[in-house]
Amino acid sequence: MRSLWRWIVSSSVFLSITSVHANGWNMPRGVTDVSGEIYGLHMTIFWICVVIGAVVFGAMFYSLFRYRHSKGAKSANFHEHTTVEIFWTTIPLLILVGMAVPATATLTKMYDASEADLDVMIIGQQWRWRYEYLGEEVAFTSNMSTPRAQISGEEGFGEHYLREVDEPLVLPINRKVRFLMTSDDVIHSWWVPELAVKQDTIPGFINENWVNINEPGIYRGQCAELCGIDHAFMPIVVHAMEEAEFDAWMVERKEAMKQEALGVDREWEMQELMARGETVFESICAACHQSEGQGAPPAFPALAGNARLIEDREWHIQTVINGVSGTAMPAFRNTLNPVELASVVTYTRNAWGNDTGDSVQPADIARRLAQ
Amino acid sequence: MWGLIKSVLAAFLGVQKEEQRRKDFSASSPWGFIITAVILAIIFVVGLAGLAIWVAR
Ligand SMILES: [Cu+2]
């Protein structure tokens with residue numbers, strides 16, 4: 001008997017300690033004031049439930065054991081006891097109200113996105129995230145960077161398998177950042193547990209949310225709303241920086257955007273276009289048309305050795321810019337810039353033995369986009 | 001009147017004495033209870049909304 005008790009006590013102590021403190025068992029405390037409050041609420045309510053469970057089941061099992069039939073216990077037979085009934089109705093009522101008060105206070109705080117220092121537009125796209133720093137003229141798409149070979153099992157998993165991107169969302173600490181969240185296609189959900197943000201992005205709607213991060217670091221998340229075949233492949237990475245570091249990053253990123261814009265005007269070498277095109281193809285197109293352009297017919301046509309593509313340059317360019325409506329082939333006019341569009345078209349016209357030898361210049365694409 | 005309100009409030013909470021229940025159920029018409037209950041429910045909802053508006057003000 002004693003050893004049974006010891007086992008019950010030690011295992012429940014073990015469980016409560018691990019479930020509260022071990023990494024990955026519980027929800028994270030996070031790195032914002034709000035996430036800390038949510039964590040606090042979660043733990044408070046958890047312990048309230050534990051106490052209620054212990055009292056209710058304790059009373060039940062004690063009575064079962066103490067007043068068992070074999071000891072000659074006789075069941076009582078009464079039909080009402082108003083005092084007890086009022087007691088067990090009022091107590092839960094008070095507990096619920098007691099939990100609702102702090103929860104409502106936190107909820108009100110979570111919805112107050114006013115007076116932000118920085119506005120970031122977050123746009124869900126099948127299957128990547130686009131970030132636009134409003135008023136800063138900095139915007140980019142963030143694509144998963146896990147190599148396809150790891151996904152198909154030809155290579156071992158990397159450290160951040162499926163949770164790494166080519167360009168993270170960079171945010172400053174100690175500043176209120178407002179998120180304006182929407183989607184270009186279907187409903188996605190932008191979820192980063194450490195920031196306690198999980199918000200649906202809905203086409204045609206703009207949802208608001210905000211963070212004020214306390215600690216610099218890298219925080220990872222995922223799309224949390226089933227959004228199609230590559231739902232698992234649109235991770236989120238947030239890089240939170242010290243304020244000065246962030247300001248420097250912003251200056252640098254703006255400069256890079258300017259260089260990229262300048263790049264539209266100049267003549268690009270074939271080699272440059274091919275190199276750039278390969279990167280774009282790997283991160284954007286390979287999800288459907290596969291790394292070697294072999295496609296996955298009948299769903300996704302092959303681009304390697306595609307006769308129409310090789311013959312009809314004009315149709316090829318139009319297809320990539322405008323997509324094919326009613327199919328899975330997206331329009332890339334708003335997702336990729338002219339340099340990326342020109343290089344990915346050039347790449348697909350010359351890789352894997354397509355060898356057409358012709359190239360498309362960014363300036364040409366820019367002209368078409370302006371029309 | 002007060003007895004009617006007390007019975008309806010007891011129903012709101014979900015606790016009533018068996019003796020009182022018997023008495024209420026022997027009333028000649030249920031309409032007194034129904035009308036009192038509807039009025040009290042409206043007061044409850046309006047009061048709750050008022051409380052929420054006052055807190056969020
Ligand atoms: Cu998604």
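Biologist: What spacing do the donors of the copper ion follow along the chain?
Modeller: In this predicted model, the donors of the copper ion follow the spacing H-x34-C-x3-C-x6-M along the chain.

Biologist: And which residues and atoms are those?
Modeller: The copper ion is coordinated by ND1 of His188(A), by SG of Cys223(A) and of Cys227(A), and by SD of Met234(A), with distances of 2.0 to 2.6 Å.

Biologist: Why is the arrangement tetrahedral?
Modeller: The arrangement is tetrahedral because the four donor atoms subtend angles of 93 to 127 degrees around the copper ion, and four donors count as tetrahedral if all angles lie between 85 and 135 degrees.

Biologist: Where do Cys223(A) and Met234(A) sit, then?
Modeller: Cys223(A) belongs to strand 9, residues 217–223 of chain A, while Met234(A) lies in the loop between strand 9 and strand 10 (236–241), so that the pair, 11 residues apart, links distant parts of the chain.

Biologist: Buried or exposed, those two, Cys223(A) and Met234(A)?
Modeller: Both Cys223(A) and Met234(A) are buried, and across chain A buried residues make up 36% of the 371 residues.

Biologist: Switching to the whole chain, how many helices and strands are in chain A?
Modeller: Chain A has 10 helices and 10 strands.

Biologist: What radius of gyration does chain A have?
Modeller: Chain A has a radius of gyration of 29 Å, whereas a compact globule of 371 residues would have one near 21 Å; along its principal axes, the C-alpha trace spans about 95 × 45 × 40 Å.

Methods. Residues are numbered from 1 along each chain as its sequence is written. Chains are lettered from A and ligands numbered from 1 in the order in which they are written. This is a predicted model: local features need pLDDT of at least 70, side-chain atom pairs count only at pLDDT 80 or more; totals for chains, interfaces and linings use all residues. Side-chain values use heavy atoms; hydrogens and water are left out. Donors are N, O and S atoms within 2.8 Å of the metal (3.2 Å for Na, K and Ca); water is not among the atoms, so sites may look incomplete. Four donors count as tetrahedral if all angles lie between 85 and 135 degrees; four count as square planar and six as octahedral if opposite donors are over 155 degrees apart and all others between 65 and 115; anything else is irregular. Helices (H or I, at least four residues) and strands (E, at least two) are DSSP runs, numbered from the N terminus. Buried means under 20% relative accessible area, exposed over 50%, partly exposed in between (1.4 Å probe, protein chains only). The radius of gyration is taken over C-alpha atoms; the globule rule is 2.2 Å times the number of residues to the power 0.38.
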